[in-house]
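Please walk through this structure with the sequence at hand.

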Amino acid sequence: MQLTAKSPAAGNDAADLKGPQNLSATTIANHGQKKPPMSAHPDVKTLQQMPKKAFELNDPTLYLNRELTWLAFNWRVLHEAEDERTPLLERVKFLAIVSSNLDEFFMKRIGGLKQQLAAGMQELTVDGRTPAQQITECHVQTRALRTKREEIYNTLAELLTKHDIHLVAYEALTKNERATLREHFIQSIFPLVTPLAMDPGHPFPFISNLAVNLLVTLRYPDGTGIHMARVKVPVIKGVAPRFLRVGEGNTFVTLEDVMRHNLDLLFPGMEIKSCNLFRVTRNANVEMDEEGADDLLEMIQSELRERHFAPIVRLEVTPNMDPALRGMLTAELGLDADTDVFEVHGMLAMRDLFQIATLDMPELQNTPHRPIEHARLDHNRQNIFHIIRKSPLLLQHPYESFSTSVERFLRTASQDPKVLAIKMTLYRTSSSGNIIASLIEAAQNGKQVAVLVELKARFDEAANIGWARRLERAGIHVTYGVVGFKTHSKVILVVRKDYNGIRRYAHIGTGNYHADTARLYGDLGLLTDDEAIGQDLTELFNFLTGYSSPLGYRKILAAPYTLKKSLLEKIDREISKHTPTSPGLIQFKANALEDFDITKALYRACQAGVKVDLIIRDTCRLRPGIPGLSETASVIGIVGRFLEHTRIFYFQNGGDEEYYMGSADLMKRNLEGRVEVVTPVENPDLRQELRLMLDVQLTDLRSAWDLHSDGRYTQRQPGEGHETRGSQETLSSVAETRRAAAAKHKQGKIRRKLVNRFQKRLKTVVDGLLGGHP
C-alpha cells in the first residue's frame, strides 16, 4: 500500500505565487510571469544549496509575502469549486466564497496598500517588497483567479442544467415568461429604481460600493445628442433578489438582465443606444485617531459614514463597453486605466451565487450537519457549574453544539440566583442566538453585568453599535474597548457564590459568540473553574474597563503584553531542551503565520533540529523544507466544509508538554495591536482531545495541502486503501464516538484508542507520503 501526493509542477521562486498552471492536477504553481524587480537576493534553488551557517535570518527571500500567500489560500478554496468530489451546489457555494473573499481583499488589503502608496511610503515588507510591487503582483494573481473562476462558473452552469437548474439570459425566455417578469418588475422592482442622468446639469452620481450598475446611453427621438444615465441594480434580500425565478421551477434570470430589457419603462419615449454593466469597490480602511476622539462610539459612526464615500480601488466592467465610456468612468472615478480596471467576461458579483447554492435540493448538497451535545452535557440536566466544578470541559465546534454548551453556560449564569456578576468580551454576535438575551436577563435579575463591545470589529461596526445601545438600555455597563487596541479575545467570566465561598467560572474560546458561525467555523472553547485563570481574567477585565495594565499573569498569555514574549521564550526553551535522544517538537495551528519575529524564531528552532509542524489556514511566511534552514518544518493548510478557525499552540518541552488555545493568530496585529487571550489546557483528558485533533489534521489525505519551499501548495491524495474522508468529517465522527462512549462510561478508553490510532497513522503519513519533505 502506498501513499501518494500529486507532484508539484516545476516552479520558479515561489515568492511570485502566480497561480496554478493546472488546478485539476491539484497543484498550485506559478504562471511564469516575470517577477517585479527586487533586491539581489538568492533564489529558492540557491537557498536550498546554501550551507547552514550561510543563512542570514533577516534575508527577505526567506519569507513569503502576506498578500500573495492569502491569495494562494483562495486558489485552494477555488479548487473546491472545481473538485468533482464536492457536491454540485457546494461547488457553487465555494465559487461565491472566493468572489466574496476577493471583494474583501480589494477593500482591505489593496485599499491599504494604495493608502501607503499615496502617502509616499517606500518601506519594504519583511519579504522585500514595496507597496507598489505588492499591488502589481496581487493584480496579476487576482486577474488569474478571476479567469479561472469564470471558467469554473461555465462548467458548473452546464452541470446545473443537467439537474434542471437553469441560469438563463432574458432573451432565451418565452414571450409569456418575459411578460410575467415585466409585470413583476413593474409591481415589485420599478418603485425601487432611480435612474440618474449624467450631463452638465447633473453631477456625476455617487456609486455605491459593490453594487451592480447599468450605464445607459440614449437619445431623444430625432435627436442627435447622446445622453448618459446610471441605474443602480437594487438587490435587496427578501424583496429584489439578484436571481429572479422564472415560473415554478428552478430557472433563473439575473435582475440586471430583466432591467436591461425593460429600460423603456425607465426612459419612456427615448431610444436606447447601449447598456453596459459596471461595479466599483471602495477602500474599507477609513480609520481615525482614537486618542484624539472625545467619544469612541461617535468616532466609529463617523468612520462608517466616511467608508460609504471612501476612495474607489477597483472598477469592473463588461468587455463590450465602448472604450470612450470606459475611459469616462475611469477618469470620473479617479482610477488608473491600466491597473485599476478589470474586464469581467462572465457574471459580475458572483458572491450573489449564495442564493443558488442554498436552493432546497439536498441531493446536490452536503448531508446536513447537526452538532451533537458535548458528551458530558448530553442529557445531563445538572447545573452546568456543578459539571464544570468536577472537571473542565473542552468544546469542539461545529461538531459539538454551541447552543447547548456556551449559550447554556451564559443562560444558566443569568438565571442562577447564586451568580453575582458576569463579565464578557463581545467581538461579533448574531441576532439568531441567545447571547444578548441572556445578558439582558442577567441584568434584569439583579446581577452585575459588564460587557466590552468591540466597536472596531471590521464590517460589524454598525451591528455592534446597535448591540451596545441595546445593552445600555437594559442597564448593563458597556465599554467600547481599549484606546489604541482592538479587543479580539473571546472570554466570559462568571462570579458565583458557591457552597464554599466565591468561585469564578470562565469560558475562553477561539471563536466569536455567534450562533451562526459556530455552525460553520471550526473552533474550540474551554469551560473551567481554575482559580488562577479566574484571577487572571479578573485582572484582565480590570484592564479592559479601567486603567490598570497588569505586569503579568499566573497562567493565561495575553496580548499585547505577555503573549508574544512568552511564545518566543517557549520556542527558545524548546531549542535549549532539544537533544538527539529527546528531540524537540513544536506544533502550531492558526489562521495565519505572519509575524516576522515568530517566523524567525521557528527558523532558529528548525536549524537546531526541532521538528516544527504548522497547520496554517491562509497566510504563511515560513518556507518549509530548505536544507540547513527549515528541513524539519512542515506546513499544511486544511480546506473543507467548515472554515478552520482554531488556534492551538503545543510545545513538547522535554516531555513536560504544554498545550495552549485561544483567540490569537500569529500576526503582528494580533500579538502587538490587539487584546487577545490564550489559555493553557492542563487537564490530561482535554490534552488528549487536543492531541487527537492535531493528529487527525496532520494525517488528513483529503483536505490537506502541503506547502513547498518555493511557495506552491500541493493537495494530498489518498492512496489505495487509505482513508478518503477529510479531517473535518473524521472529527465529526470522533465526536459521535466520544458521546457514545460516554454513555457507556468508556470515554477514557476510547479516547486513548483513538489517540494511538492517529499517532500510528501520522508516522505512516510522514514516512510514506512525505518521505522527508517534498
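Is α19 largely enclosed by the rest of the structure or largely open, and why? The model is a predicted one, and in it helix α19 covers residues 684-698. Of its 15 residues, 11 are buried, so α19 is largely enclosed by the rest of the structure. A residue counts as buried when its relative accessible area is under 20%. The buried residues of α19 are L686, E689, L690, R691, L692, M693, L694, D695, V696, Q697 and L698. From its first C-alpha to its last, α19 reaches 21 Å, close to the 21 Å expected for its 15 residues at 1.5 Å a residue.

Further along the sequence comes a loop. The loop between β28 (704-707) and β29 (713-717) contains G711. The relative accessibility of G711 is 2%, so this residue counts as buried. In space, the C-alpha of G711 lies 9.3 Å from that of C620, although 91 residues separate the two in sequence.

Next comes a pair of helices. Two packed helices are described by the angle between their axes and the distance between the axes. Helix α16 spans residues 563-577 and helix α17 spans residues 596-607; they pack at an angle of about 5°, and their axes are 9 Å apart. Because angles under 35 degrees count as roughly parallel, α16 is roughly parallel to α17. On the α16 side, the contact is made by K564, L567, L568, I571, D572 and I575, which meet D597, I598, A601, L602, R604 and A605 of α17. These residues of the contact divide into 8 nonpolar and 4 charged, with no polar ones.

Now the chain as a whole. It holds 21 helices and 29 strands. Of its 774 residues, 58% count as buried. Among the contacts between residues at least 6 apart in sequence, 73% join residues at least 24 apart.

How far the coordinates can be read is a matter of the predictor's confidence. The chain averages a pLDDT of 88, and 88% of the residues score at least 70. Over residues 770-774 the pLDDT is below 50, and the model gives this stretch 13 contacts beyond near neighbours in sequence. Residues 1-42 also stay under 50 in pLDDT, and there the model has 131 contacts beyond four places in sequence. Where pLDDT is low, the predicted coordinates should not be read in detail.

Definitions and conventions
Residues are numbered from 1 along each chain as its sequence is written. This is a predicted model: local features need pLDDT of at least 70, side-chain atom pairs count only at pLDDT 80 or more; totals for chains, interfaces and linings use all residues. Side-chain values use heavy atoms; hydrogens and water are left out. pLDDT is the predictor's confidence in each residue, from 0 to 100. Contact means heavy atoms within 4.5 Å. Axes are lines fitted to C-alpha atoms, for helices over the stretch in contact, and angles run from 0 to 180 degrees between N-to-C directions. Helices (H or I, at least four residues) and strands (E, at least two) are DSSP runs, numbered from the N terminus. Angles under 35 degrees count as roughly parallel, over 145 as roughly antiparallel, 65 to 115 as roughly perpendicular and the rest as oblique. Ala, Val, Leu, Ile, Met, Phe, Trp, Tyr, Cys and Pro count as nonpolar, Asp, Glu, Lys and Arg as charged, and the others, Gly among them, as polar. The expected span of a helix is 1.5 Å times one less than its number of residues. Buried means under 20% relative accessible area, exposed over 50%, partly exposed in between (1.4 Å probe, protein chains only).
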